[in-house]
Amino acid sequence: MDFELTDEQRLFRQTLREFADKEIVPVASEWERTGRYPAEIVRRLQELGLFGLNVPEEYGGLGADRVSYALAFEEIARAWLGAAGLFGPHSVACWLIARNGTHQQKERYLPKMATGELRSGIALTEPGAGTDLQGITTTATKDGDHYVVSGTKTWITNARVAGVLPVLVKTSKPDLQAGGHRGVVPRGQAPAHRGMSVLLVDAGSAGFTVGRDLPKLGYKGPETCELVLDQVRVPTANLLGGEEGHGLQQILNGLEIGRINIAARAVGVAQAAYEAALGYARDRRAFGQPISDFQAIQLKIADMATEIQAARLLTYWAAAKSDAGGGRLDMEAGMAKMYASEVAIKCALESMRIHGAYGYSAEFVVERLYRDAPLMAIGEGTNDIQRLVIARSLVSGSGRLGW
């Protein structure tokens, strides 16, 4: 059992930390307030190869191990959660294509996605379907060598800049009322998930329209939009994997990787909140001494540090299990995402309390962290859903505690 990073991982982390501290931290709060799109950060992320984290080396990507993947999101989110969002959903899209795509799909998309020339996200959520993905109503009807896609997606990060988007659709109408989310399927009908597929939809297609930018509490920087698909014609060659009916399984596997991503971002936000609190407590004086000398402040600092390190280890554990292979990571990724996101929320609030009135001021970073932290408890599946996933893994015996 080794709790140390490899030399390569340590160097990777140091490179990212220096970049984030020098080029993201100084501009993050101002750019967020003014609504400026961080194009300069995008270019530097491209130069660092971070758009290719999940692209195999044979297609020009980094082919990073999963712990390095987590390190990248931790370090960038520590500087600005919005900057991590610039390549977060993109990295999941890369993984989906690298893992499930046909040879032609990989050859067509992955080299340009690795460099960030072609950017992406994932289009799953709909106005009436979030947690229950089997409830989506976006349909894809086959018409010769094309699918005709109609529907609406929402909360799509990077929608305006994406060149291609994996879109979850229903390719088989008989399954729309299967009721598969309860495990109750009427006799003679297949489960709903068997009628679901993923199509790689090129953003320039006729009928593909990015709607309004959705206003958000935090997570500023990358845009989050509504997406309308009105009779969009998508070549059948763009069916992910080349065979219908595997879309939900492909997406659920991808969301496991996404949950490691979200957990790492949460650790980064929590770390930033802790560092801000510790620095302020050392500098702020009251009653003739630094407030860091007061036991009440020390107790908060100790709890924050302990819980952040626990969240970090859970995240790296899930990442290492992903690297090791051997099946699904429902429990491990769920634990990491659920716990780390709760720690981020708690640490942001505790940091604000340590700062007192200054923590409520937009002139201090903790106010932004307080607004950013709740996203991680929602994204890639709410924390209540993660608890159910964890419990079901334990009850079924597919997951277990200990070694």
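Predicted model: local features only at pLDDT ≥ 70, side-chain atom pairs only at ≥ 80, totals over all residues.
**Pockets, patches and salt bridges**

Residues are numbered from 1 along each chain as its sequence is written, and side-chain values use heavy atoms, leaving out hydrogens and water.

So who does Glu350 pair up with? One partner is Lys300, which forms a salt bridge with Glu350, their closest N and O atoms being 3.1 Å apart. (A salt bridge here is a side-chain nitrogen of Lys or Arg within 4 Å of a carboxyl oxygen of Asp or Glu.) This pair links distant parts of the chain, as Lys300 sits in helix H8 and Glu350 in helix H9 (residues 330-355), 50 residues apart. Helices, by the way, are DSSP runs of H or I with at least four residues, strands are runs of E with at least two, and both are numbered from the N terminus. Lys300 has a relative accessible area of 24%, so it is partly exposed.

Glu350 also forms a salt bridge with Arg353, and here the closest N and O atoms are 2.8 Å apart. Both of these residues lie in helix H9, three residues apart, about one turn of the helix. Arg353 counts as exposed because its relative accessible area is 51%. Elsewhere, salt bridges that share partners tie Arg17, Asp21, Glu75, Arg78 and Glu275 into one network.

How many salt bridges does a search of the whole structure find? The total is 26. Another one to look up joins the side chains of Glu74 and Arg312, at 2.9 Å from N to O. Glu74 belongs to helix H3 (residues 66-79) and Arg312 to helix H8, so to speak two distant parts of the chain, 238 residues apart. Glu74 and Arg312 are both buried.

Now for the empty space. Rolling a probe the size of a water molecule over the atoms shows where such space is left. The method uses a 1 Å grid over the protein atoms alone: a cavity is a set of points where a 1.4 Å probe fits but cannot get out, while a pocket is an open set with protein on both sides within 12 Å along at least five of seven lines, and lining residues have an atom within 4 Å of a point. The largest pocket has a volume of about 1500 Å³, a volume being the space filled by probe spheres set on the grid points, which are joined across faces, edges and corners. Of its 45 lining residues, Gly130, Thr131, Ile378, Glu380 and Gly381 are the closest to the centre. Helix H5 (88-100), strand S2 (146-157), helix H7 (247-283) and helix H11 (383-396) each give two or more residues to this lining, and H7 gives the most, with nine. The lining of the largest pocket divides into 18 nonpolar, 17 polar and 10 charged residues. In this count, Ala, Val, Leu, Ile, Met, Phe, Trp, Tyr, Cys and Pro are nonpolar, Asp, Glu, Lys and Arg are charged, and the others, Gly among them, are polar.

The second largest pocket holds about 470 Å³ of space. Its lining has 15 residues, with Asp2, Phe3, Tyr316, Trp317 and Ala320 nearest the centre. Helix H8 (residues 295-324) gives the most to this lining, with six residues. By class, the lining of the second largest pocket has 10 nonpolar, two polar and three charged residues.

Last, a look at the backbone. Most residues other than glycine have a negative phi. You'll find Asn158 in the loop between S2 and strand S3 (164-170), and it counts as buried because its relative accessibility is 1%. Phe287 is not a glycine either, yet its phi is positive, about 55°. Phe287 lies in the loop between strand S7 (285-286) and strand S8 (289-290), and with a relative accessible area of 80%, Phe287 is exposed.

Terms used
Buried < 20%, exposed > 50% of the residue type's maximum accessible area, 1.4 Å probe, protein only.
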